[in-house]
Amino acid sequence: MFIEADSEWMARALRLAERGLYTTSPNPRVGCVLVKDGKIIGQGWHQVAGEAHAEVHALREAKEAAHGATAYVTLEPCSHHGRTPPCADALISAGVERVVVAVQDPNPHVAGAGIARLRAAGIEVEVGLMESAARELNNGFFSRMTLNRPWLRSKIAMSVDGGTALQNGASQWITSADSRRDVQHWRARSCAVLTGIDTLLEDDPQLNVRVASEGSPRIRQPLRVVLDSKLRIPLTAKILHPVSFDKEAGNVLIYTATHDVEKIAAVQKLGAQIVVLPDATGRVDLLATLHDLAARGCNEVLLEAGSVLNGAFLRAGLVDELILYIAPQLLGDMARGVAQLGELTTLDQRINLEWRDVRNVGKDLRVIARLQKGNHV
């Protein structure tokens, strides 16, 4: 049974976990607080994948005082040997008396085994405190482990009347510099940024992170992904020629549906990876793409594309969340829209959203909306 103080300490553990927002992938973001006699004796968070987990950092700080303490952990302690030893064993060896876990680990290598190991050692374990907040912090990790695909966010800059570009393709810039800076936060926390070949041909984006995020010790560049069914990408595209501060991240992945050996070889020579994933219509298979990104350890993917690719992902039911930057302007009825969904003949075909957050970003409005389950077109 949870006591009143448990919520205070778990909230602290969740705030610690947030410090790993930009650096832990493909691992989840986890925080841990050790409390004894009503005082924190150790705390930590998972900082970088491959290094010590949150529990280990907290135990190192607490030292011998950990004996008889209560540990508050935002995710079930691991029970398997990966790049680091099991955290469940570390808690047992330290003599921790009670462990409060926010949510069970969805990783099949853990999935309750860590909790079972703690209980078998005589440690009191309670699960489920602030579970929704813990899941929200790692929605990409949960998606990858349970659905075999990353959490997909679509970022869209638009006018009040839903225009994303003029009919001639001009779109720079609809939204403000403040909104563009805010996008850097979403890129930085994402494992991959994904776009389509039409957007690449029109805007020639680099898709990199150009501003260090608050709390992050360095800029971690996401995998840059292009969907290009016919492999039309120019060999001069900026994404294939990273700027000086980005040379460590020659991480470009192109999904195509063509077996053009000559063009594939030319693009690969510039350092990009090519994956051929055609669907039955000769386009890139969207679901197979997300499965492949999950296999590469991608938890969160940011889609920055035009109405065609946005529409394709929405029609396939593969978008989890929309990040809408709405500028206080009108572009008229000839402007390009948010997503090509085709004609809807009944209201039952509409895609329903749930508002999650609405706030001002500079002169623009940023709306985060989540796709409701059961949407279809």
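**Basis of the description**

Contact, as used here, means heavy atoms within 4.5 Å. The structure is a predicted model, in which local features need pLDDT of at least 70, side-chain atom pairs count only at pLDDT 80 or more, and totals for chains, interfaces and linings use all residues. Residues are numbered from 1 along each chain as its sequence is written, and side-chain values use heavy atoms, with hydrogens and water left out.

**Leu 34 and the nonpolar cores**

Beyond its neighbours within four places in sequence, Leu 34 is in contact with Lys 39, Ile 40, Ile 41, Gly 42, Ala 58, Leu 59, Ala 62, Ala 66, Thr 70, Ala 71 and Val 96. A nonpolar core is a set of buried Ala, Val, Leu, Ile, Met, Phe, Trp, Tyr and Cys residues joined through side-chain atoms within 4.5 Å; buried means under 20% relative accessible area, exposed over 50%, and partly exposed in between (1.4 Å probe, protein chains only). The largest such core has 35 residues, and Leu 34 and Val 99 touch the most other members.

Helices (H or I, at least four residues) and strands (E, at least two) are DSSP runs, numbered from the N terminus. Elements that each supply at least two residues of this core include helix H1 (4-17), strand S1 (31-36) and helix H2 (54-62). H1 gives the largest share, five residues. Another core, of 32 residues, lies apart from it and has Cys 191, Leu 223, Leu 253 and Leu 314 among its members.

**The nine-stranded sheet**

An open sheet of mixed pairing is formed by nine strands in the order S10-S9-S8-S7-S11-S6-S12-S14-S13; two strands pair if DSSP finds at least two bridges between them. Strand S10 (273-276) and strand S13 (353-361) are the edge strands, each pairing on one side only. From one strand to the next, the twist averages 20°. Axes are lines fitted to C-alpha atoms, for helices over the stretch in contact, and angles run from 0 to 180 degrees between N-to-C directions.

Helix H7 (residues 177-189) packs on the sheet, and its direction makes about 165° with that of S12. Helix H11 (residues 307-315) also packs on the sheet, at about 110° to the direction of S7.

**Strand S12**

Seven of the seven residues of S12 are buried, so this strand is largely enclosed by the rest of the structure. Glu 321, Ile 323, Tyr 325 and Ala 327 point one way, while Leu 322, Leu 324 and Ile 326 point the other way.

S6 and S12 run parallel and are joined by seven bridges, with Ile 156 opposite Leu 324 in S12. S12 pairs with S14 in the antiparallel sense over six bridges, and Ile 323 stands opposite Ile 368 in S14.
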